[in-house]
Amino acid sequence: MGVVMTTFDGDDYNHQRDRIRLSTQLDRVYRVVRDGKWYTLAEIAAKTNSPEASVSAQLRNLRKDKFKQEYGNDYDIVREHVSGGLYRYQMRFQNQQGGMF
């Protein structure tokens, strides 16, 4: 699958300036977390060469129905508290019986 070119929103979003950059960043984050392993923001940021704040924003985007439909997957992004202010994230896909694994 190639990069899903999508339209984002936000007060400062400029389609011509931001669409390609954000779409490719979203795709890089998706490609990391789709393996179902747990990752912190720092780990995803290192693997995608993206700032942690951007990774956090893209994880929020991946939770939105609009992006789930574009990626054609039945998944959820779950978050788990590790300690202090540290969380880790995991993509969970729905299995054939209708439950999450």
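Predicted model: local features only at pLDDT ≥ 70, side-chain atom pairs only at ≥ 80, totals over all residues.
**Exercise 1. A salt bridge across the sequence**

Determine which parts of the chain are tied together by the salt bridge between Lys64 and Asp9, and classify both residues by accessibility.

Solution. 
- Step 1. The side chains of Lys64 and Asp9 meet at 3.9 Å, N to O. A salt bridge requires this separation to be within 4 Å, and the pair qualifies as one.
- Step 2. Lys64 is in the loop between helix 3 and helix 4 (65-71), while Asp9 is in the segment before helix 1, so the pair ties together parts 55 residues apart in sequence.
- Step 3. Lys64 has a relative accessible area of 35% and is partly exposed; Asp9, with 58%, is exposed.
- Step 4. The count of salt bridges in the model comes to seven.

**Exercise 2. Helix 2 against helix 3**

Describe how helix 2 and helix 3 are arranged, and say which residues make the contact.

Solution. 
- Step 1. Helix 2 spans residues 41-48 and helix 3 spans residues 52-63; their axes come within 9 Å and cross at roughly 100 degrees.
- Step 2. Angles of 65 to 115 degrees count as roughly perpendicular, which makes helix 2 roughly perpendicular to helix 3.
- Step 3. Helix 2 contributes Leu41, Ala42, Ile44, Ala45 and Thr48 to the contact, and helix 3 contributes Glu52, Val55, Ser56 and Leu59.
- Step 4. Sorted by class, this contact has six nonpolar, two polar and one charged residues.

**Exercise 3. The surroundings of Gln25**

Is Gln25 buried or exposed, and which residues is Gln25 in contact with beyond its neighbours within four places in sequence?

Solution. 
- Step 1. Gln25 belongs to helix 1, residues 15-33.
- Step 2. Its relative accessibility is 6%, so Gln25 counts as buried.
- Step 3. With neighbours within four places in sequence left aside, the contacts of Gln25 are Ser50, Pro51, Ser54 and Gln58.

**Exercise 4. Pairing around strand 3**

Work out how strand 1 and strand 2 pair with strand 3, and identify the partners of Arg88.

Solution. 
- Step 1. Strand 1 (residues 39-40) pairs with strand 3 (residues 86-93) in the antiparallel sense, over two bridges.
- Step 2. Strand 2 (residues 75-83) also runs antiparallel to strand 3, and eight bridges join them.
- Step 3. Arg88 of strand 3 stands opposite Thr40, and Arg88 is also the bridge partner of Glu80.
- Step 4. Strand 2 and strand 3 form a hairpin with two residues between them. In the turn, Gly84 has a positive phi of about 50 degrees.

How values were computed
Residues numbered from 1 in each chain as written. Heavy atoms only, no water. Axes fitted to C-alpha atoms, helices over the stretch in contact; angles between N-to-C directions. Helix = DSSP H or I, 4+ residues; strand = E, 2+ residues; numbered from the N terminus. Parallel < 35°, antiparallel > 145°, perpendicular 65-115°, else oblique. Contact = heavy atoms within 4.5 Å. Nonpolar A, V, L, I, M, F, W, Y, C, P; charged D, E, K, R; others polar. Buried < 20%, exposed > 50% of the residue type's maximum accessible area, 1.4 Å probe, protein only. Pairing = 2+ DSSP bridges.
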